[in-house]
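Hello,

Here is the structure I said I would pass on. Please open it first, and then read the notes under it.

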Amino acid sequence: MSDIFCRIIAGEVPSMKVYEDEKTLVFMDIAGDVDGHMLAVPKKHVVSLFDCDEETLFALMSTVKKVSEHLINNCGYEGVNLLNASGKAAGQSVPHFHIHIIPRKTGDNIDAWPAFPGKTQEISDIYERIRM
């Protein structure tokens, strides 16, 4: 697979690496949408959460936690938003599992929470359908 993230991991496309270990990479998102926006990816190619094995998922989430704690403890941020879209229906645009890390400060005026249109079904009906 040679999606853009695989090419960044392979060093074929330059990136601003924030953190790297043997299983993961965190780099600056060049979209320019918000200051400090980063992407955390597993080096192993997996398309989404749904085909990610537990070892890879654990490695990625450990990296996300490490980078997030660094932002809070060493960089003056107060919180983070973590965002993921798995699957086309969820808005996934790159076919490589990734987590957006957005560092936050009080009063930064970033609205990282989606505007939901409101429910269309009874919560009890949905609960009956999705409970495990």
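Is Cys52 buried or exposed? Cys52 counts as buried, because its relative accessibility is 14% and the cut-off for buried is under 20%. Please keep in mind that this is a predicted model.

A search of the whole structure for disulfides finds zero. For Cys6, the nearest cysteine sulfur is that of Cys52, 13 Å away. For Cys52, in turn, the nearest is the sulfur of Cys6. A disulfide needs the two sulfur atoms to be within 2.5 Å, so Cys6, with its nearest cysteine sulfur 13 Å away, is in no disulfide.

Ala40

Ala40 is part of strand β3, which covers residues 38-42. Its relative accessible area is 0%, so Ala40 is buried. Beyond its neighbours within four places in sequence, Ala40 is in contact with several residues, including Leu25, Val26, Leu60, Val64 and Phe97. His100 lies 60 residues from Ala40 along the chain, yet 6.4 Å separates their C-alpha atoms.

The largest pocket

The volume of the largest pocket is about 290 Å³. It is lined by 19 residues, and those closest to its centre are Phe5, Phe27, Asp29, Ile30 and Leu39. Two elements, α1 (4-9) and β2 (24-28), each give two or more residues to this lining. The largest share, three residues, is from α1. By type, the lining has twelve nonpolar residues, six polar and one charged.

Regards

Definitions and conventions:
Residues numbered from 1 in each chain as written. Predicted model: local features only at pLDDT ≥ 70, side-chain atom pairs only at ≥ 80, totals over all residues. Heavy atoms only, no water. 1 Å grid on protein atoms, 1.4 Å probe; cavity = no way out; pocket = protein on both sides within 12 Å on 5 of 7 lines; lining within 4 Å. Points joined across faces, edges and corners; volume = space filled by probe spheres on them. Helix = DSSP H or I, 4+ residues; strand = E, 2+ residues; numbered from the N terminus. Nonpolar A, V, L, I, M, F, W, Y, C, P; charged D, E, K, R; others polar. Buried < 20%, exposed > 50% of the residue type's maximum accessible area, 1.4 Å probe, protein only. Contact = heavy atoms within 4.5 Å.
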